[in-house]
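Me: I am new to this structure and would like to learn how to read it. Please take one feature at a time.

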Amino acid sequence: MNTQRKTRILIVEDESPIRTGLQDVFTYHGYAVDCAEDGPAGLRKAQGGAFDLILLDIMLPGMDGFEVCNRIREQDRHQPIIMLTAKTADKDIIQGLSLGADDYIAKPFSVTELVLRVKAVLRRSSIGRDESSLIVLGEDLEIDKRNLSGRDRNRKITFTRREMDILEYLDRNSDRPASREELLHRIWGYAKHLNIETRTVDIHIAKLRRKIEPAPAEPRYLVTVRGAGYRLIKG
Ligand code: CA
């Protein structure tokens with residue numbers, strides 16, 4: 001587990017006093033905070049960075065919080081999200097939660113309560129990760145995400161943080177291939193549509209294959225899906 005890294009929070013809120021207030025509070029509590037002022041900017045930032053949690057207002061210019069939440073979920077269904085709402089109508093709250101927000105808090109809220117809720121959601125999401133801290137590939141290979149290590153029968157394998165991030169991401173999305181652009185975007189944090197050298201991804205994949213594949217030239221687990229990207233086969 002990487003204890004060096006600060007927990008990253010994205011605040012998507014158009015009302016400037018609330019946004020800066022929240023930014024101050026969470027910065028004070030030791031989080032790394034980024035902000036967006038409208039729906040499209042919030043979505044762009046959410047998709048562009050690995051945030052541990054997103055605080056998402058519902059009434060936003062450009063695109064409302066429900067839509068932003070929905071779009072984030074399409075890409076990453078495990079992204080922790082707390083909705084901020086001025087609306088107290090049950091219908092809206094239920095809609096927000098059914099779209100996959102982890103919690104919601106009604107404005108005006110107490111800062112103390114919000115911080116507690118944030119911690120609770122972060123705790124739940126990290127417990128969720130711990131429960132599945134192992135990636136099991138085939139019959140002989142076990143990868144421990146927390147320790148950046150693996151075991152192939154009795155052979156110990158160690159991974160770099162970046163390699164483990166790639167494995168974790170492919171593991172979380174193992175129902176489909178992930179493109180090089182997506183990996184650059186999600187793992188390296190590069191903005192989409194930049195002309196970034198996708199060979200960076202290939203080099204890392206090649207290194208990973210040498211570590212986990214019985215025959216790296218004919219991958220069994222970390223396969224190339226032609227025209228689509230890479231996929232982790234767990235069977
Ligand atoms: Ca608002």
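Reply: The crossing of α2 and α3 is right-handed; a crossing is right-handed if the near helix is turned clockwise from the far one by less than a right angle, and left-handed if anticlockwise. Helices (H or I, at least four residues) and strands (E, at least two) are DSSP runs, numbered from the N terminus. The model is predicted: local features need pLDDT of at least 70, side-chain atom pairs count only at pLDDT 80 or more, and totals for chains, interfaces and linings use all residues. Residues are numbered from 1 along each chain as its sequence is written, and side-chain values use heavy atoms, leaving out hydrogens and water.

Me: At what angle do α2 and α3 pack?

Reply: Two packed helices are described by the angle between their axes and the distance between the axes. Here α2 (residues 39-48) and α3 (residues 65-75) pack at about 20 degrees, with axes 10 Å apart. That makes α2 roughly parallel to α3 (angles under 35 degrees count as roughly parallel). Axes are lines fitted to C-alpha atoms over the stretch in contact, and angles run from 0 to 180 degrees between N-to-C directions.

Me: Which protein donors does the calcium ion have?

Reply: Donors are N, O and S atoms within 2.8 Å of the metal (3.2 Å for Na, K and Ca); water is not among the atoms, so sites may look incomplete. Here they are Asp 14 (OD), Asp 57 (OD) and Met 59 (O), 2.1 to 2.3 Å from the ion. Asp 14 lies in the loop between β1 (8-12) and α1 (16-28), and Asp 57 in strand β3 (residues 53-57), 43 residues apart.

Me: Is Asp 57 buried or exposed?

Reply: Buried means under 20% relative accessible area, exposed over 50%, partly exposed in between (1.4 Å probe, protein chains only). Asp 57 counts as buried because its relative accessibility is 2%, while Asp 14, at 30%, counts as partly exposed.

Technical notes: Angles under 35 degrees count as roughly parallel, over 145 as roughly antiparallel, 65 to 115 as roughly perpendicular and the rest as oblique.
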